[in-house]
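Me: I would like to go through this structure slowly and ask what stands behind each label. Could you set every value beside its definition as we go?

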Amino acid sequence: MASPRDSLDKKLLALLQMNARMPTSELARKLGVARSTVHERIARLERTGVITGYTTVLSRPAQDNPVRALVMLAVEQQQVRQTLKRLETFPEIRSCLTVSGEFDICLVVEAPQLEDLDEALDDIAGIPGVQRSRSSIVLATKFDRSPVPTLAGG
């Protein structure tokens with residue numbers, strides 16, 4: 001993946017991460033540049049691989065307050081690829097990171113209730129190739145810098 005080349009690209013990417021459906025005219029207004037400049041920049045960022053796609057972020061109902069855990073996995077080195085493929089099948093896994101150090105993989109796991117989370121953690125720990133796991137239940141989110149999904153025009 002190529003890196004953003006200047007501060008305008010970085011600002012443009014930050015706006016698109018918050019709302020990829022923001023109209024070009026609004027992006028141009030917020031950046032203080034012409035619409036054609038925004039259009040050209042987006043096309044170049046796509047062409048050079050900085051932007052590789054767009055996605056839909058689903059909202060959660062207001063009453064939805066999932067239970068979350070951070071899960072560290074130590075995996076047999078010969079089994080990492082197969083373990084990652086198996087982990088992709090768990091809808092409870094919100095993100096999967098490979099890390100250095102004592103553990104090989106870090107997961108963020110969410111479930112509607114503690115019992116569901118417990119079951120998912122047991123299933124994850126039972127995957128062939130997982131040597132050991134360490135889980136920490138998230139008690140509270142003090143801040144989250146993930147972009148808040150918004151709808152264009154409203």
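Me: Where in the protein chain is confidence lowest, and where is it highest?

Reply: Confidence here is the pLDDT, the predictor's own confidence in each residue on a scale from 0 to 100, and it is lowest in helix α1 (residues 7-18), with a mean of 86, and highest in β1, at 97. Over residues 150-154 the pLDDT is below 50, and beyond near neighbours in sequence this stretch has five contacts in the model, a contact being heavy atoms within 4.5 Å. The protein chain as a whole averages 87, and 87% of its residues score at least 70. Since this is a predicted model, local features need a pLDDT of at least 70 and side-chain atom pairs a pLDDT of 80 or more, while totals for chains, interfaces and linings use all residues. Residues are numbered from 1 along each chain as its sequence is written, and side-chain values use heavy atoms, with hydrogens and water left out.

Me: How many helices and strands does the protein chain have, and what makes a stretch count as one or the other?

Reply: Helices are DSSP runs of H or I with at least four residues, strands are runs of E with at least two, and both are numbered from the N terminus. By that rule the protein chain has five helices and four strands, which follow the pattern α-α-α-β-α-β-β-α-β along the sequence.

Me: Why is T83 called buried?

Reply: Buried means under 20% relative accessible area, exposed means over 50%, and partly exposed lies in between, with a 1.4 Å probe and protein chains only. T83 has a relative accessibility of 1%, so it counts as buried. This residue is found in helix α4, and, leaving aside its neighbours within four places in sequence, it is in contact with V75, I105, I127, P128, G129 and V130.

Me: How do you know that the buried residues of α4 line one face of the helix?

Reply: In α4 (residues 80-87) the buried residues are V80, T83 and L87. Seen down the helix axis they fall within an arc of 65 degrees, so they line one face; the arc is that of the directions from the axis to the C-beta atoms. An α-helix has 3.6 residues a turn, so residues three or four places apart point the same way. The face turned away from the buried side carries the exposed residues R81 and K85, whereas the cover over the buried residues includes β1 (67-75), β2 (93-98), β3 (105-111), α5 (114-125) and β4 (130-137).

Me: What makes the buried residues of α2 a face as well?

Reply: L27, A28 and L31 are buried in α2 (residues 24-31), and their arc is within 100 degrees, so they line one face of that helix. They pack against α1 and α3 (35-47), and α2 is followed by G32, whose phi is positive, near 70 degrees.

Me: Which residues touch the most other members of the largest nonpolar core, and what makes a set of residues a core?

Reply: A nonpolar core is a set of buried Ala, Val, Leu, Ile, Met, Phe, Trp, Tyr and Cys residues joined through side-chain atoms within 4.5 Å. The largest has 19 residues, of which L73, L87, L107, V109 and I124 touch the most other members. β1, α4, β3 and α5 each supply at least two of its residues, and the largest share, five residues, comes from β1. Apart from this core lies another, of 14 residues, among them L8, L31, V38 and I51.

Me: Is Q131 buried or exposed?

Reply: With a relative accessible area of 52%, Q131 is over the limit for exposed, so that is its label. Q131 lies in strand β4, and, its neighbours within four places in sequence aside, it is in contact with A74, V75 and E76. Q131 and A74 are 57 residues apart in sequence but 5.4 Å apart in space, C-alpha to C-alpha.

Me: How do you know that strands pair, and how many bridges join β1 to β3?

Reply: Two strands pair if DSSP finds at least two bridges between them. Seven bridges join β1 to β3, and the two run antiparallel; seven also join β1 to β4, again antiparallel. M72 has C106 as its bridge partner in β3 and stands opposite R134 in β4.
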